[in-house]
Every structure is written in C-alpha cells, then in structure tokens.
Amino acid sequence: MTRLRSPAFWILPLITGIGLAVRLWGIDFGLPHVLARPDELLILSAVIKMHDGRANPGFFDYPGLYMYLVAGLYALYYGGGRLLGGPATPAAFVKNFYEHWEPYFLIPRVFGAVLGAATIAIVHGIGRAVLSRSASWLAALFTALAFLHVRDSHYATTDVTMTFFVMGALLATLHVYNGRAARDAWLAGALAGCAVSAKYNAVFIVLPMAVVEALHAWDHRRDWRRMLRETHIVRMATASALIFGLTNPYLFLDFTHALNDLRVLQASTGGGMTPPEMLGRGWTYHLPYSLWHGLGAPLLAAGLAGMLLMAVRLPRLAAIFGAFPLAYYAAAGAGHNVFVRYMIPVVPFLCIFAGYAVSELAGYVARWRLRGREPLLAGVLGLAVIAPSAVKVARFDYLLAQEDNRLVAARWVHTQVPADSLIFMSGNLYGRPQLERGPVRKYRYLDYDYGADTFTLNRRPTPEQPDWIIVQRSGIPYSHIAPRVVKLLETDYSVVHTLSAADLTEQNFYDIQDGFYAAFGSFRGVRRFGPNFEIYRRRATSPAR
C-alpha cells in the first residue's frame, strides 16, 4: 500500500499511458482507403488467405511470426463476430475482408500500438536491470515520445513488433548477465527467435547474447571446465532456432519459392527503390535524415553522447548495449534501400543511451550545485531533450487524425462524376483516391503506357480519351504525369476542382522510398496528409482521340 501511495510508483504507468495514447491517436487514418500506408495491404492480404485454408503465407519478404499473430487476432475477431451475428463461415469472413476492411486493418494497427507501448515498459526494465532509477525513467520517457517509433506504432507492419521482441530479448539477456539463471537464457533465446521471425534483420540480437557469454568466459578463463559448464550459448541458440523454425515452417516446406523471394529481396535492398545516386547508401543517409528527423537533434545527440560516455565509464555494458545497434546500422546502411523505418529497432537503444547521459549529467550538476535535487534536475533536462520530438508527435498525430485528402477526393468524385465515366488518374498507385469498394465497379479506368506513349484500357492500347483526369501532386517524386497528358490538359480539359493538402513550396522532408504521403521532417504548410489533387473534365467540344 505504501508503494501505491508513492508518487514514484506512478511514473512508469504515466509514461506508458502517454506512450499508448499518442500511438492510438489517429489509428484509423486513411480508412477505408487501404493503400494509405504501403505494405499493410500486402501483409494483411496474405494473412486473410490463411482463413481460407492456406496456412502458407505465399510470400517470404517477411518471416511468418507477425502474419501468424495477426491471423490469430483475426480468428478471435471471427469467433466473437459469429456470436454477435457476423460472418458465419470462414469463406464469408474472407469475403467480408474485401468489402468491409476497416476492422481488419484496425485490429493489427491497435496490436502494433500496444506492442509499441509495451516496449516502453521493457526499456524501463532494461534500465532498472543495470542503470540508475532516473536513467530508466528517462529512457522510458524518450521511447514513449520518440517520433519515429510513435509514427510506425500506428501501422499494421512488422517493424515495431520486431523491435518489441528485440528489446525483450535484450532484457532477458541482461538478466542472464546479472544472475546466470538457465530460465533467463531460454527466454532470451526464445525472444530472439521471435524477433528474427518477425523480421529477418533482427538476427543481430544474437550479438548482445554472444557478448554476455564472452564476458562470462573471460571472467572464468583460468577454469575452462567451469566456463564450458556454465555457458548458456547452447540454450540460447537452441531456443532461437526452435522458435524460428516453428514459426516459419513454409520457409523450409516451400523452400524454392522462399529462396526466390529472398533473392529478389536481396537484389532490391542492394539496388534500392530509387536511383542509387538520389539518396545514397544508408550509412550516409540514416544518421542525418532517418534518425535526425526521427528523434530530433537533442535526443539523437544525447543518445550518441551516452554511447560514448558508457564506453568510457561502463565498457562492459557499452559492449552489450552497443553490439546490436552498431552491427544493425552497418548492415542496414550497406544497401540503397533507405526506408526510415529501418532505424526503428535502433531507436530504443539510443533512448537508453540518452537516458544514461542525461542522468549522469543531472547527477554531476546536482553534486556541484544542487545537492538533493538530482531527480528533479534529471526530469527537467529530460523534458528539454524530448520536447522537439514530443511536439512533432503531437503535430503528426493531429494531422493523421484529419481526413486524408484521398478520401476527400474520392467523396467529391462520387458526388460529382457520373457513373460509367472514363477516368484517368496520374501518379503513383498509392497516391490515387480509391474510388471503388466491393466487386461492382462504378467507373471505368484508363492507365498509361509510358513506353508506347498512349492510354490503355484493360492493359491494351486504346484511342479513347478520358472523360475526367485526376492529377496528383505531392512532396515525394511519384506524382509523375506524361508530357502528352500535360498537353491534353492544356488543350482539351478544364480544371473543375482542386483539393490542397499541403503547400508544396515548403521544403518539408519526406520518407521518399516508402510512398507514404505524409511529411516526416516537418509539417510546414501541411493541412492533412495525402497528395494535392487537380480534377479536370474534358470540354464538351473536345473530340475523343
């Protein structure tokens, strides 16, 4: 009862609650537009097929654990829905996905937000295991409001789930470091297997385990029998391999398909989604862009300073904490795919280093000037460090909660454009308004063959000219439009409506490769997410060409 009355008892629940709130704010963004966040539909389409009798995900860009976890959540939703009059058969449940997909997206999004918030508590536990109380609270606070981690905790994708398991494995590994209990070694290995089974590049979580076992071996280097008897490396490796194998059976049963997918993935990662000279390699991109904008300058600086300070003062802990993020950064930076989400698993490590740095600074200043005020000073410094990121989180969540401009455009088209009209939409698929829902189509659509410089209908060249043209413009370089179409707009069409989501003259930084139409670095002039649109109608006197 005394602990419950203590203000300190409520600090972690308060921080975690704030972290969960900012991850749930705007969680229904974009819906019912299913391409608002690239990769969500790709992953969830594989998951829903499992409820149609196909346990094989059918693609291996990602390992299986995340998809099986979401499939389990879908099973609970299906079972609960049956009791309340929902789809009565698996076939009906699958059919419902393609007609009423909002809950199918919200379920894994909320799941990701919860795991993102749970990571805050794990980070606190890591700090408490080997650092001071103030350092652990600060690390939790920094993780709760780290912009990149908050942003991606809204999405039905694998990165935040993988990071949750990475940090869980690290916490168990630190318990092995402190207590050498076999159960902690089994748990560390199992969680590491889960991490790799959520995303392949989490494999570097084996490095902190190896460091812990290497340090133990060094301490007992004069007694090699004891060193071998007490090592946990076999337990960790066995648990990791078992969990990975059990959660990825089709990686082995469908090996030829899996190997082909992995080769394609490797080629894509090395070559990049954009021309190599456009963004460069990850080594030179992620620090000044992904992490600078994803954490904010003060938090990133504190994290790097904390890493150096720990290397000097606590070299053993620095080796354990630094093994994963340094190796992961080196590997992620080797290719020309530079999605900012690649840095998500690095974020909690930098938050731990930052918590350590700020706590040590507060302790130094308190001993010099403000004796007895160290916790207060640490809190004030911590709030100053996290403030830029927290402001960005609030602004991002507010904009995410606004109606996406693609939804605004779709609603206007449905009310103003007659059924069976022939429509052409320029730019990237992810930036286009989603005008159809269900199997019956209201409109007909033209595409464009840039090689042949002509419109196509049902993938065949056509002399027909669209009745309506919807032009998208955005801050990412995917809003392409053919010169011939530009000329047609000038001669045969009139703009009848414009929908502005952002002032494109502002130099906001975007996560270019991911095709997510939301600014990342700043939000100057942004009113809502999604591209700007110009909607053109063919003049009555203009003949079809």
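Q: In this predicted model, what makes Ile 535 a partner of Ile 470?
A: The two residues are joined by a bridge, with Ile 535 standing in E7 as the bridge partner of Ile 470. The strands themselves, E5 and E7, run antiparallel and are joined by six bridges; since two strands pair if at least two bridges are found between them, E5 and E7 count as paired.

Q: How do you know that strand E1 pairs with E5, and in which sense?
A: Strand E1, residues 422-425, is linked to E5 over three bridges in the parallel sense, and the requirement is at least two bridges, so the two strands are a pair. Within E5, Ile 470 has Met 425 opposite it.

Q: Why is strand E5 described as mostly covered?
A: Of the six residues in strand E5, which spans 468-473, five are buried, and buried stands for a relative accessible area under 20%.

Q: Why is Thr 157 called buried?
A: Its relative accessibility is 6%, and the limit for a buried residue is under 20%, so Thr 157 falls in the buried class. Thr 157 is found in the loop between helix H8 (147-152) and helix H9 (159-179), and, leaving aside neighbours within four places in sequence, Thr 157 is in contact with Pro 38, Asp 39, Glu 40, Ile 43 and Tyr 66.

Q: What makes the pair of Phe 59 and Tyr 62 edge-to-face?
A: The structure holds 34 aromatic pairs. In the pair of Phe 59 and Tyr 62 the ring centres are 6.4 Å apart and the planes stand at 85 degrees; because centres within 6.5 Å make a pair and planes over 60 degrees apart count as edge-to-face, the name applies to these two rings. Both Phe 59 and Tyr 62 are buried.

Q: How do you know that the charged end of Arg 37 sits over the ring of Phe 516?
A: The charged end of Arg 37 is 5.7 Å from the centre of the Phe 516 ring, where the distance limit is within 6 Å. Arg 221 likewise lies over the face of Trp 218, at 3.9 Å from the ring centre.

Technical notes
Residues numbered from 1 in each chain as written. Predicted model: local features only at pLDDT ≥ 70, side-chain atom pairs only at ≥ 80, totals over all residues. Heavy atoms only, no water. Helix = DSSP H or I, 4+ residues; strand = E, 2+ residues; numbered from the N terminus. Buried < 20%, exposed > 50% of the residue type's maximum accessible area, 1.4 Å probe, protein only. Contact = heavy atoms within 4.5 Å. Phe/Tyr/Trp six-rings, centres within 6.5 Å; stacked < 30°, edge-to-face > 60°. Lys NZ or Arg CZ within 6 Å of the ring centre and 35° of its normal.
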